[in-house]
Amino acid sequence: MQTPLLEVERISKRYGGAQALSSVGLRLYPSEVVALIGENGAGKSTLMKVLGGIVTPDEGEIRIDGTPVRLNSPAQAMERGISLIHQELNLADNLSIEANLFLGRELRWGGPLGLASGRAMEAKSRELLARVGLDVDPRDRLSNLTPGHKQLVEIARSLSMHARVLIMDEPTSSLAQKETDRLLEVIRELRQQGVCVVYISHRLREVEAVADRVVGLRDGKNAGELSKAEINYQAMVQMMVGRDVQLHQRPSQAAGTGRDQPPVLRVEKLKHAQSKGEGVSLEVRPGEIVGMAGLVGAGRSEFAETLFGIRPRVSGQVYIQGQPKLIRKPTDAMALGLALVPEDRRHHGLILADSIGGNIALPNLDTHHIAKLLQFGKIRHTAQNGVKSLRIRTTGIAKPVGLLSGGNQQKVVLYKWLHRQPKLLILDEPTRGVDVGAKKEIYDLMHDLTARGVGILMISSDLEEVLHLSDRVVVMHENQTTGELTREQLSEEAIMRLATGAQS
Amino acid sequence: MSKSESSDGNLFRSFFSNPTVGRILGVSLLVLILYGLMVGIEANARTLENHQNIARRIGEWGILTLGAAFVIITGGIDLSIGSVVCLSAVSFGILLENGANPLVASLIVLTVAGMIGLFHGFLITRLNLQPFVVTLCGLFIYRGLAQFLSLVDFKRLLDPALRGTGRILRDSSRDVGVGGRTDLGWFFWLQKGDFLGIPMPMWIFAILALIAAIFLHASIYGRYLFALGHNEQAARYAGVNTNRYKVLAYFLCSLMAGLGGILFLMKINSASPSNAGNWFELYAITGAVLGGTSLRGGEGTIIGIILGTAVLPLLKTLVIFAGIPSDMEFSAIGLALLLGTLADELLRRHSEKARKGA
């Protein structure tokens, strides 16, 4: 057996009272794609930070090419060919692509002034972008790129630093299907070039598609390993949670009580400033989950924001329970029984520095005051209810939500709206960055809600989620609806056809 | 609630490691040290009169600090406070010189000041201009306006009998006074008087601080202000009318500055358009920040602001009693603040390290 490129042995790390990693081992060989899976809080990100030189382990050894090394800073890790790509990209939107590629390591002319050499960087940039198969002008501003292309730029930057181990944390969480496919292809090409890719993802289908080996973590310990032949969805889920989880089991009775009732929401040709064509038209009946599919950039979130009164409506009509209604601001939507769980949890859904209690209270303050003075007891009670009923794992309601895992953060966002008992719940990417266990809980919760007659409009880029949960699917392309699929017509192909603009 | 539910169960430690509490303790310590130094150095500092002077100044500046804190909590800034103080003081003086009832004059001044704040809020929320720029422009505009007003000879302008007897505009700006009126004592008591030995500006500040504390910490509006200061987008998505509360913050800030201007004129019965209120925005911001109001927005407490307000008046008095030449006053204050901030930062790091090691 060849010497591993990178070997980690018996790594442990404690944060205060929490044992983030205990005696974890990992071997990485050149030219392989290793998927690192585990629920949030399993220790994936700590292990990754150890490899990236961001966190120094309390115990254990790291060997590169068989030689023990210490990685005390990201710079040292990079020097040794380990490159880390964070979930939130570390790129500067306001700079050009080439400036981003060489940020901090600009190629110079030499001489005392050390001026940057534009031409050399441009040539080198083209070469790097070609390696990741990105056909754009390096002089373009980065902000003009889609999230998928930005991801590729970030990879190209790592390659420019001669990365031998490329660690990617949830690289596809904000990518559309097409971009994801492209990324997976690039990963395979990199493997051909001898790079070892560590792929961290909750999207097990992608892992299945790309990984040569799967390493599982659970509660900061190794939870097992699957070789290429053993990789399958169920096996991975089982390894992560330590038990069998049936993620996509629909309740046995046909969910929903009011499917034959008039729609709780009907939207006709709703358009905002960027809309084209006919805009968005759809209906949601009580007790129904309507999936909303489309490529990233199809304008689904923008539609949700327009419906909820965050974005100005240009034209179109919204009917709530049959009555035409005008929604000019979020409070109008809230008064009509609408709730929106936004896509960007960290920026739109939560105030990270504020406590669980504070976050849950915010949209509910209208019912938690006497003469505009806060009812502290009632606020606390509501928050405790939320923690209990959604099983939010926390040490208390005073904990800042920024310290919770993705799944628990999402539950806080869900509860802050559920407490208002909405009639129509708009969920925008409800399980993004959420681990399998919490995902299952969120799905169960959605089924509970529909059983009680709540209508759910679920925007999701996770096709599997859309296919399994939706009673009907509305597909969008370029800011307008291009078609609707009933449960019987539903298939991945049918969705993709509509999502790429073919009329139904 | 953090106490009973802290994970380590150590009430004492979790209370003191709370960053807000840490801030308040830090600034309390600073106030105590400054006060101790002052009364230690100089016997004259121990007099009732000195204490009253300091209390009066804390009151005067504290009112402005409260206003500044509202704006800073929303993540904004108001650099025009000093100029609004100046404009208000000068217009209040001019109104009095021309025989206005002081109550009516105050109402007019406060209305104008409030409108200035609404104007700032409008520019910042509707036209999306940056608070720094908007209020920086205000800083110049209102002082210029005050200087212009002092040029106008209102007696000539208003009295038909005097019209045409001379120029309406004076040659140079002048200090505005009260026009030698002697019927104002009852009103000026609000600045010059005291109650139970405590100067009236301190009382006014205390009452306003109490109202502000209830507003900020116990009303839904306070929650909205903090929420929007932390994360404006998330607040908006949660149904908070963020623009309305931002405008409210600027309105309150300028209103407080207007009140500060009225008190300013009453202090020495005159105000100079070129000097009145100079630096006051910076005193207000310094007080708020020392008291733990984060310039990033979303953080601050009234108790911290009260303590933070006390620092500068104490420091100024200390500088005088320490025999530092008045030309060095600003340098001495700046240096002391820098040292204080540095000590605070080092302490914070130390306690953070101690917490991590625990």
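Okay, quick definition to start: helices here are DSSP runs of H or I with at least four residues, strands are runs of E with at least two, and both are numbered from the N terminus. By that count, chain A has 17 helices and 22 strands.

Before I go on, some housekeeping. This is a predicted model, where local features need pLDDT of at least 70 and side-chain atom pairs count only at pLDDT 80 or more, while totals for chains, interfaces and linings use all residues. Residues are numbered from 1 along each chain as its sequence is written, and chains are lettered from A and ligands numbered from 1 in the order in which they are written.

How much of chain A is buried? Buried residues make up 50% of the 504, where buried means 20 or more other C-beta atoms within 10 Å of the residue's own, with C-beta atoms placed from the backbone (12 or fewer is exposed, in between is partly exposed).

One helix to look at is H14 of chain A, residues 406–418. It has 13 residues and reaches 18 Å from first C-alpha to last, close to the 18 Å expected at 1.5 Å a residue; that expectation is 1.5 Å times one less than the number of residues. And 13 of the 13 residues of H14(A) are buried, so the rest of the structure largely encloses this helix.

Now chain B, with 16 helices and two strands. Its radius of gyration is 22 Å, close to the 21 Å from the globule rule for 358 residues, so chain B is as compact as a globular protein of that length. The C-alpha trace spans about 80 × 55 × 35 Å along its principal axes, and 44% of the 358 residues count as buried.

Last up, where the chains meet. Contact means C-beta atoms, placed from the backbone, within 7 Å. On that basis 23 residues of chain B are in contact with 30 residues of chain A. Which helix of chain B gives the most to that side? That's H11(B), with five residues. The side of chain B that touches chain A divides into nine nonpolar, nine polar and five charged residues. Here Ala, Val, Leu, Ile, Met, Phe, Trp, Tyr, Cys and Pro are nonpolar, Asp, Glu, Lys and Arg are charged, and the others, including Gly, are polar.

Conventions: Rg over C-alpha atoms; globule rule 2.2 N^0.38 Å. Contact = placed C-beta atoms within 7 Å.
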